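The following exercises are to be worked with the sequence and the structure in view. Each task is followed by a solution in steps.

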Amino acid sequence: MPYIPHTEADREEMLATIGVGSIEDLFADIPQELRIKGPLDVPPSLDEHRLLGRLFELSRRNKNSVSDLACFLGAGIYDRYIPASVGALISRGEFLTAYTPYQPELSQGYLQTIYEFQTMIADLYGMDVANASMYDGSTAAAEAALLACASTGRSKVAVGKSVHPHYRQVLHTYCWSMDLEVVELPATDGFTKEYSQLDQEIACVLVQSPNFFGGIEDLAAARAAADGVGALLVVIADPTSCALLKPPGEYGADIVVGEGQPLGIAMGFGGPALGLFACRQEHVRRLPGRIVGRTEDHDGNSGYVMTLRTREQDIRREKATSNICTNQALMALSATIYMSALGKNGMVQVAESTVRNTQYAISRLTDSGASLRFPGKVFGEFTLRLPKDPVEVQQRLLDQGILAGLPLGQHYPELADCLLVAVTETRTRAQIDDYAAKLATALS
Amino acid sequence: MPTRTVPTPTLIFEKSRPGRIGCNVPKADTPEVDLRSTVGELRRELNLPEIGELDLIRHFTNLSQINYGIETGFYPLGSCTMKYNPKINERTAGLAGFTHVHPLQPADTAKGFLAVIAEVEEILSELTGFHAITMQPVAGAHGELTCLMLIKAYHESRGEGKQRRVVLVPDSAHGTNPASAARCGYEVRHVDTAENGDMDLDSLAAQLDGTVAAFMVTNPSTLGLFEPNIAKVCEMVHAAGGQVFCDGANFNAMVGITRPGDQGFDCMHLNLHKTFTTPHGGGGPGCGAIGVKSHLEPFLPAPVLRFAEGKGSAREVVVDEDRPLSIGRVSTFWGNSLMAVRALTYLLAMGREYLPDIARYAVLNANYVQARLKEVLPPANDRHCMHECVLTASRYKKENGVRALDISKRLIDYGFHPPTNYFPLIVPECLMIEPTETECKETLDAFCDALIAICGEAQDNPDLLHDAPTTQIVGRLDETKAVKDLDVRWRPQREPVARV
């Protein structure tokens with residue numbers, strides 16, 4: 001076995017040094033009745049050639065967006081272009097096989113990239129500081145709500161129904177476990193704009209913009225509503241949109257979170273993802289997860305360390321600001337390389353292309369017999385109402401190589417006639433025209 | 001004082017020049033639109049760097065060269081299980097049929113992924129002795145939190161939710177255990193460790209009453225010892241109506257030898273990035289699969305996967321969304337699916353023949369290191385250890401003013417990543433060494449030789465240790481300054497005002 005290098009001679013020498021006769025003797029503390037007897041009921045070992053064949057066969061049972069399907073499905077994960085430099089750099093062993101930078105002298109490479117990541121995310125969101133990343137967008141949103149409750153001493157959070165349904169489910173799970181109450185605000189015409197349920201017990205208002213339906217929310221109104229009851233404003237924002245739109249920080253958000261997958265991370269069936277978390281300076285000591293700071297060594301050389309460590313679970317244990325230990329350093333590195341490769345102009349160009357393609361898709365698809373369900377401004381995603389069952393239409397287009405979008409009935413029964421369509425910069429005019437033509441046929 | 005000749009690398013922002021770009025971005029071929037009227041108010045400025053592709057590659061390649069990974073050298077970080085990440089894992093996880101799959105595409109177009117996840121779950125179920133596994137938690141601490149939520153839901157379903165508000169943890173527990181318990185709304189109480197390193201059963205018995213929701217146990221413990229009374233411990237907690245959680249951070253020592261489910265545990269988390277060779281990536285992504293006994297299964301986060309009846313890889317996978325007692329979701333989609341691909345690749349490479357060798361050789365390596373070092377760094381408990389040994393340097397602190405941290409920093413000058421320091425908290429000046437099964441005898445010998453030499457230096461020339469490391473781009477960094485003058489982001493310099 002190539003992963004276990006011991007020869008028989010090594011084993012005998014090592015056992016002699018330890019002073020036991022066999023490896024078995026080292027397990028003497030495990031009572032016999034707790035030992036596994038007989039062979040494991042798992043598949044036999046495969047050599048590397050057969051192993052590759054087996055996994056390749058499994059991979060071919062998935063339809064993928066490179067060779068099989070034109071992807072118009074989004075809802076939180078987006079088919080964006082990833083520059084080749086990202087994969088090449090994150091697969092370098094020095095990054096890929098490192099651990100948490102507990103020994104900063106040996107981890108300056110990672111620590112600097114995280115400092116660069118924190119800078120870019122804070123800038124993109126228009127916020128003071130960002131942490132070194134979280135698991136994914138949904139858990140980042142839930143952690144933001146917990147931070148708001150801890151900070152305000154209140155025990156209710158309000159969330160718009162135009163927030164991603166899975167994010168709301170995760171929020172409900174986390175809040176249930178901490179005895180916190182969740183209030184859902186209605187999504188009138190696909191937007192959160194009805195705030196009459198807010199009261200003085202609300203710790204924070206969570207809105208998503210662009211929201212689950214692609215709609216650009218009125219963040220100034222959300223800010224005013226939160227201020228009305230002394231609550232924090234938490235905005236969940238797609239980082240790509242922030243390259244173009246006025247960022248949530250400029251609307252006065254207290255915390256901005258999001259899913260970093262669009263920043264150079266493969267769709268990968270939804271994971272690993274990248275949770276983004278940025279806030280105003282006043283909350284920095286309550287931030288969950290890691291944060292990297294710049295400092296000096298005893299000779300005055302500039303260097304980086306994990307800082308504000310006393311918030312963390314390995315130091316402060318049950319008094320920590322969160323239980324989070326692992327972050328998403330490799331994914332944060334992907335995002336850092338992606339944002340560096342595209343830079344200021346490339347990021348804006350991706351966002352602009354997304355808007356152009358989206359507007360073109362709206363005009364073509366609504367010419368094909370569908371109608372736009374919600375009026376208002378959108379970024380990258382929109383809701384179509386279909387005269388036929390969206391699940392059937394989706395299946396019909398799937399057979400013709402088009403991943404048409406997400407039928408909404410499962411999440412919003414009142415929108416059972418609707419399909420959520422996403423259009424990124426990687427879709428072409430020809431693909432959109434093809435979709436429109438096939439949709440017209442499916443609806444006729 | 002040594003002088004360092006390599007300059008501190010500049011930040012990518014300092015390399016930025018207006019007009020450069022590092023990627024040929026896809027351009028829309030659809031009609032132009034007026035942006036302001038289409039999406040509303042636009043942002044004024046964006047301070048992302050502008051850099052050409054070659055300089056981009058050099059920047060991050062140079063940073064990689066001042067970073068230490070397993071592929072750079074030995075990384076004996078105890079409790080973190082830094083074993084080799086096989087290259088084939090990266091190749092399989094990089095297949096387009098895995099990377100370019102959307103989590104919400106119809107299940108019949110993602111049958112391969114569902115089969116990967118279901119097969120990993122099935123193998124982990126066999127290795128751990130648990131009835132059901134879910135891959136939805138995305139990190140070890142996330143798995144712990146999810147297990148506590150399941151326990152909470154279980155007690156609530158029996159009408160004991162309000163009454164059971166306490167979670168017990170051993171004094172040697174990982175910090176995530178008490179933090180996860182607190183994050184699930186529980187009060188945390190500690191159970192002592194006995195003189196010989198085993199759990200103190202009297203201390204446990206004194207804490208057990210109707211308020212206890214769960215006991216979180218790491219087995220083998222963070223002292224590197226298998227808890228011989230584990231079955232009794234589980235019985236005691238069950239008799240008091242509590243549940244027992246197994247922290248799976250140290251599962252590497254048990255693979256193929258003994259199963260937590262058979263030991264009496266009700267649930268556990270597994271770190272796929274520890275035992276199952278998915279890379280740690282500088283601190284994540286992790287993957288925190290959890291296993292549960294059947295009484296906790298109804299509460300698992302939805303959706304749950306299972307194979308239709310039968311054996312073999314062609315079986316259909318059933319997606320079960322209809323789970324009325326579920327605690328709800330704990331992450332956005334299916335968990336860290338690409339990590340499941342890596343873990344499956346590894347599990348199938350090892351197979352039934354080699355899986356038990358993981359634990360056997362990990363334990364052999366740890367005991368070999370302990371035996372070679374016991375004269376200079378005595379073990380905290382004079383017993384055979386499991387996959388990691390916990391040694392104490394308190395002698396050098398007392399006699400020479402040298403701390404465990406100084407020994408660790410000196411190891412860097414010898415070319416090794418240091419072991420874990422000051423954990424578990426109950427051992428003074430401790431060094432926790434976990435070699436893993438993937439290291440060969442020559443590496444272990446070189447490492448032990450270095451530590452023996454350093455212990456000699458500690459007695460003869462302690463300043464060598466106090467000043468270490470001297471071979472890296474930076475020396476010991478001022479962590480107090482980092483907190484006091486908090487600098488967690490770069491900001492552009494203002495243009496200097498022109499002087500007349």
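**Exercise 1.** Determine whether A:R316 is buried, partly exposed or exposed.

*Solution.* Step 1: buried means under 20% relative accessible area, exposed over 50%, and partly exposed in between (1.4 Å probe, protein chains only). Step 2: the relative accessibility of A:R316 is 44%, and therefore A:R316 counts as partly exposed. Step 3: A:R316 belongs to helix 10 of chain A, residues 313-316; helices (H or I, at least four residues) and strands (E, at least two) are DSSP runs, numbered from the N terminus.

The model is a predicted one, in which local features need pLDDT of at least 70 and side-chain atom pairs count only at pLDDT 80 or more, while totals for chains, interfaces and linings use all residues. Residues are numbered from 1 along each chain as its sequence is written, chains are lettered from A and ligands numbered from 1 in the order in which they are written, and side-chain values use heavy atoms, with hydrogens and water left out.

**Exercise 2.** Find how far A:R316 lies from A:Y81, in sequence and in space.

*Solution.* Step 1: in sequence, the two residues are 235 residues apart. Step 2: in space, their C-alpha atoms are 41 Å apart.

**Exercise 3.** Describe two residues with positive phi, A:D189 and B:E429.

*Solution.* Step 1: phi of A:D189 is near 55°, and this residue lies in the loop between strand 5 (187-188) and strand 6 (191-192) of chain A. Step 2: because its relative accessibility is 40%, A:D189 counts as partly exposed. Step 3: phi of B:E429 is near 45°, and its place is the loop between strand 11 and strand 12 of chain B. Step 4: B:E429 has 7% relative accessibility and so counts as buried.

**Exercise 4.** Locate the cis peptide bond that ends at B:P424.

*Solution.* Step 1: the bond joins B:F423 and B:P424, with omega about 0°. Step 2: B:P424 sits in the loop between strand 11 (420-421) and strand 12 (430-433) of chain B.

**Exercise 5.** Characterise the interface of chain A and chain B.

*Solution.* Step 1: 189 residues of chain A are in contact with 211 residues of chain B, contact meaning heavy atoms within 4.5 Å. Step 2: there are 7 salt bridges between the chains, each a side-chain nitrogen of Lys or Arg within 4 Å of a carboxyl oxygen of Asp or Glu. Step 3: B:K441 and A:E13 form a salt bridge at 3.1 Å, N to O.
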